[in-house]
Amino acid sequence: MEQELLHKMFRGKATDQELASIRQWVNADQANRKAFFRERTFYDALQLSKKATANKPSARKTFIWSWSQTVAAAAVILICVLAGPALWSHFATDEMVFNTIKVPTGQRVEMTLSDGTHIWLNARSELTYPTSFNGKKREVWLKGEAFFNVTKQGNKKFIVNTGRCEVEVLGTQFNVESYEDDEFSTALMQGSVKVTDSENPDQVVTLTPNNSATLCDGQLKVSPISNFDAYSWKEGIITFRNTSFKDLMRKMEKNYGIRIIINNPKLDHYSCSGKFRISDTIEAVLKALQQDAKFSFEYKNNDTIIIQ
């Protein structure tokens, strides 16, 4: 199969006849399927490479930018060289071929889909998406947290499915967080989104810019966004302002994939403000917090931190 035709499909520009030809070729034998996946990986690597070299950031942001692109490039290198199943996997149905990308603890990844939609994936997040959008809608599946900058494509809706809710848009910028099945929130920056509770389809809310929807006790609640710093994670920074120690530790559990047990009652009413890089170790973050709050911490079984 010609590389040019495959790349045309990945960009979502292939005709129905060309798509049928590609499907026939992919389904012909295992060698063709492996060749298809290799070419898709190569294509995604090219897109990330172009993104990394397109602009030069200012001196103030150089370190953060370089780290961000290094993470994305490192993920691609792992995919190309090791074909690591922990980061990237493939599966196919009769009609479509899908990729799944998983972001390791303490990292994040930027990627661009075949329709031009740009996505930032936070630590411990997983996104499943088709190699190209060839139907009447564009649909992806998210577990974790992601920021979407969706390219408008006529009336072709873009849908983000999580364990509990569905977010539907045409073209917009929004953040979605859903690490657990019954946990969901989305924040809208531009455009509009419609949020539907999958377990209760009659429960639907439509957001306008600078508002968020959160699932609380089984109900979708809309409120204005009070702190946009919460979404600076896509720049590689976790920012917190007047945040309770308990809530901050919950955020760190998500980013580092570790359980944190707080056995210090003096921290119940302690709130803190600051920022740290996602690439920082959890030990570095806790040691920085110790400069203001009095507590100690220790590991237990390598997957739990006890705070005294």
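Q: Which residues lie nearest the centre of the largest pocket, and how many residues line it?
A: In this predicted model, the largest pocket is lined by 29 residues, and those nearest its centre are Glu 177, Ser 185, Ala 230, Tyr 231 and Lys 251.

Q: What volume does that pocket have?
A: The volume of the largest pocket comes to about 960 Å³.

Q: And which strands and helices supply the lining?
A: At least two lining residues come from each of strand S9 (173–178), strand S10 (185–190), strand S13 (211–216), strand S14 (219–224), strand S15 (237–244) and helix H5 (245–256). The element that gives the most is H5, which contributes five residues to the lining.

Q: Which domains does the lining draw on?
A: Domain 2 (98–227) and domain 3 (236–307) each provide at least three residues of the lining of the largest pocket.

Q: How do the lining residues divide into nonpolar, polar and charged?
A: Eleven of the lining residues are nonpolar, ten are polar and eight are charged.

Q: Let's look at S9, then. Is it mostly covered or mostly open?
A: S9 is mostly covered, since six of its six residues are buried. In a regular strand the side chains alternate between the two faces of the sheet. In S9 both faces are covered, with Gln 173, Asn 175 and Glu 177 buried on one side, and Phe 174, Val 176 and Ser 178 buried on the other.

Q: Which strands does S9 pair with, and in what sense?
A: Strand S6 (residues 137–149) runs antiparallel to S9 and is joined to it by six bridges, and within this pairing Ala 146 stands opposite Val 176. S9 also pairs with S10 in the antiparallel sense, over five bridges.

Q: What is the bridge partner of Glu 177 in S10?
A: The partner of Glu 177 is Ser 185, and both of these residues are also among those nearest the centre of the largest pocket.

Q: How many residues does the hairpin between S9 and S10 pass through?
A: That hairpin joins S9 to S10 through six residues.

Q: Where is Ile 306, and is it buried or exposed?
A: Ile 306 sits in strand S19, and it counts as buried because its relative accessible area is 10%, whereas the cut-off for buried is under 20%.

Q: What is Ile 306 in contact with, leaving aside its neighbours within four places in sequence?
A: Its contacts are then Ile 261, Asn 263, Ser 296, Phe 297, Glu 298 and Lys 300. Of these, Asn 263 is 43 residues from Ile 306 in sequence, yet the two are 7.1 Å apart in space, C-alpha to C-alpha.

Q: Back to that hairpin: what does the phi of Asn 301 look like?
A: Three residues lie between the strands S18 and S19, and in this hairpin Asn 301 takes a positive phi near 60 degrees. Asn 302, found in the loop between S18 and S19, has a positive phi of about 65 degrees although it is not a glycine.

Q: Is Asn 302 buried or exposed?
A: Asn 302 counts as exposed, because its relative accessibility is 73% and the cut-off for exposed is over 50%.

Q: What about Asn 242, where does it lie and what is its phi?
A: Asn 242 lies in strand S15, and although it is not a glycine, it has a positive phi of about 50 degrees. Asn 242 also counts as exposed, at 59% relative accessibility.

Q: Which residue takes a positive phi in the hairpin of S3 and S4?
A: There the residue is Gly 116, with a positive phi near 95 degrees, in a hairpin that has five residues between the strands. Strand S3 (residues 109–112) and strand S4 (residues 118–121) run antiparallel and are joined by four bridges, with Thr 112 standing opposite His 118 in S4.

Q: Last one: how many helices and strands does the whole protein have?
A: The protein has six helices and 19 strands, and buried residues make up 46% of its 308 residues.

Terms used. Residues are numbered from 1 along each chain as its sequence is written. This is a predicted model: local features need pLDDT of at least 70, side-chain atom pairs count only at pLDDT 80 or more; totals for chains, interfaces and linings use all residues. Side-chain values use heavy atoms; hydrogens and water are left out. On a 1 Å grid over the protein atoms alone, a cavity is a set of points where a 1.4 Å probe fits but cannot get out, and a pocket is an open set with protein on both sides within 12 Å along at least five of seven lines; lining residues have an atom within 4 Å of a point. Grid points are joined across faces, edges and corners, and a volume is the space filled by probe spheres set on the points. Ala, Val, Leu, Ile, Met, Phe, Trp, Tyr, Cys and Pro count as nonpolar, Asp, Glu, Lys and Arg as charged, and the others, Gly among them, as polar. Domain bounds come from an automatic or database domain assignment. Two strands pair if DSSP finds at least two bridges between them. Buried means under 20% relative accessible area, exposed over 50%, partly exposed in between (1.4 Å probe, protein chains only). Contact means heavy atoms within 4.5 Å.
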